[in-house]
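Subject: Handing over the structure

Dear colleague,

I am passing the structure below to you, and after it I have written out what was found. Please read the notes with the structure open beside them.

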Amino acid sequence: MEHNKITTMILETKRLILRPWEETDAEDLYRYASSPEVGPIAGWPVHTSVENSLEIIRDVLSKPGTYAVVPKNVGHAVGSIGLMIGEDSNIGISELEGEIGYWIGVPFWGQGFIPEAVKEMLRYGFEDLELKKIWCGHFDGNHKSKRVQEKCGFRYHSTKENVLWPLMNDIRTEHISCLSKKEWLNEK
């Protein structure tokens, strides 16, 4: 499989369906992405309307490798996870590497949905796409994201200070972690 030809398919875990975003998800997306507790700490602005969320589905979340996180017991999208390969990532990685990004709505914090989704993305990236290494980052102060990475076996790699973050028009400190396929296989 060519890594730059990633397609978004439906992935399933014990409690989750990971599927492509659809325009009909706009109201659910707005419900969770309009919280000031979610977007800014993850690096993107609060959604301002259902129409704004629809635009983001069309322009951002429709990209290959981006999935709606749908708990089976809820039945609608409550968060997002993406796997960006090579140049689609903003951290400068090769075509044999990927970067995972994620968020989930506040009512679903602490239920283990994102670690479950990340573990499935790792399986997909290493087994199906044959990636050699997967990266993940979080901004200073995002302790929940850091904890997800630790739970999923990522190891601290580096810190970038004074990163200009255009989406939020601010300066941030970003912590980068990674997991090699070999490390992942040893932890399974």
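To begin at one end of the sheet, Leu11 stands opposite Leu18 in β2, where β1 and strand β2 (residues 16-19) pair in the antiparallel sense over 2 bridges. Helices here (H or I, at least four residues) and strands (E, at least two) are DSSP runs, numbered from the N terminus, and two strands are said to pair if DSSP finds at least two bridges between them.

Before going further, please note that this is a predicted model, in which local features need pLDDT of at least 70 and side-chain atom pairs count only at pLDDT 80 or more, while totals for chains, interfaces and linings use all residues. Residues are numbered from 1 along each chain as its sequence is written, and side-chain values use heavy atoms, with hydrogens and water left out.

The sheet

The sheet is open and is formed by 8 strands in the order β1-β2-β3-β4-β5-β6-β8-β7, with mixed pairing. Its edge strands are β1 (11-12) and β7, each of which pairs on one side only. In general, strands of a sheet pair through backbone hydrogen bonds, either parallel or antiparallel.

Strand β4 (residues 79-85) has 6 of its 7 residues buried, so it is largely enclosed by the rest of the structure; buried means under 20% relative accessible area, exposed over 50%, and partly exposed in between, with a 1.4 Å probe and protein chains only. Strand β3 (residues 66-71) pairs with β4 in the antiparallel sense over 4 bridges, and the bridge partner of Ala68 in β4 is Ser80. β4 also pairs with β5 in the antiparallel sense, over 7 bridges, and there the bridge partner of Met84 is Glu99 in β5.

Strand β8 (residues 170-180) is likewise largely enclosed by the rest of the structure, because 9 of its 11 residues are buried. Strand β6 (residues 133-139) runs antiparallel to β8 and is joined to it by 7 bridges, with Lys133 standing opposite Ser180 in β8. Strand β7 (residues 155-165) pairs with β8 in the antiparallel sense over 8 bridges, and Thr159 stands opposite His175 in β8. β7 and β8 form a hairpin with 4 residues between them, and Asn169 in the turn has a positive phi of about 50°.

The helices

Helix α5 (residues 143-151) lies across β5 (97-104), β6 and β8, and runs at about 160° to β6; axes are lines fitted to C-alpha atoms, for helices over the stretch in contact, and angles run from 0 to 180 degrees between N-to-C directions.

The axes of helix α1 (residues 26-33) and helix α3 (residues 50-61) come within 8 Å and cross at roughly 105°, and α1 and α3 are therefore roughly perpendicular to each other (angles under 35 degrees count as roughly parallel, over 145 as roughly antiparallel, 65 to 115 as roughly perpendicular and the rest as oblique). In this contact, which means heavy atoms within 4.5 Å, Ala26, Glu27, Leu29 and Tyr30 in α1 meet Val50, Ser53, Leu54, Ile57 and Leu61 in α3. By class, the contact of α1 with α3 has 7 nonpolar, 1 polar and 1 charged residues, where Ala, Val, Leu, Ile, Met, Phe, Trp, Tyr, Cys and Pro count as nonpolar, Asp, Glu, Lys and Arg as charged, and the others, Gly among them, as polar.

Asn52 also lies in helix α3, and with a relative accessible area of 18% Asn52 is buried. Leaving aside its neighbours within four places in sequence, Asn52 is in contact with Val46 and His47.

Cysteines and backbone angles

With a disulfide taken as a pair of cysteine sulfur atoms within 2.5 Å, the count comes to 0 disulfides. Cys136 is in no disulfide, and the nearest cysteine sulfur, that of Cys152, is 8.1 Å away; Cys136 counts as buried at 0% relative accessibility. The sulfur of Cys178 is 11 Å from the closest cysteine sulfur, in Cys136, which is too far for a bond, and Cys178 counts as buried at 10% relative accessibility.

Most residues other than glycine have a negative phi. Glu130, although not a glycine, has a positive phi of about 60°; Glu130 is found in the loop between α4 (113-128) and β6 and is partly exposed, with a relative accessible area of 48%. Asn162, also not a glycine, has a positive phi of about 55°; Asn162 is found in strand β7 and is exposed, with a relative accessible area of 62%.

With kind regards
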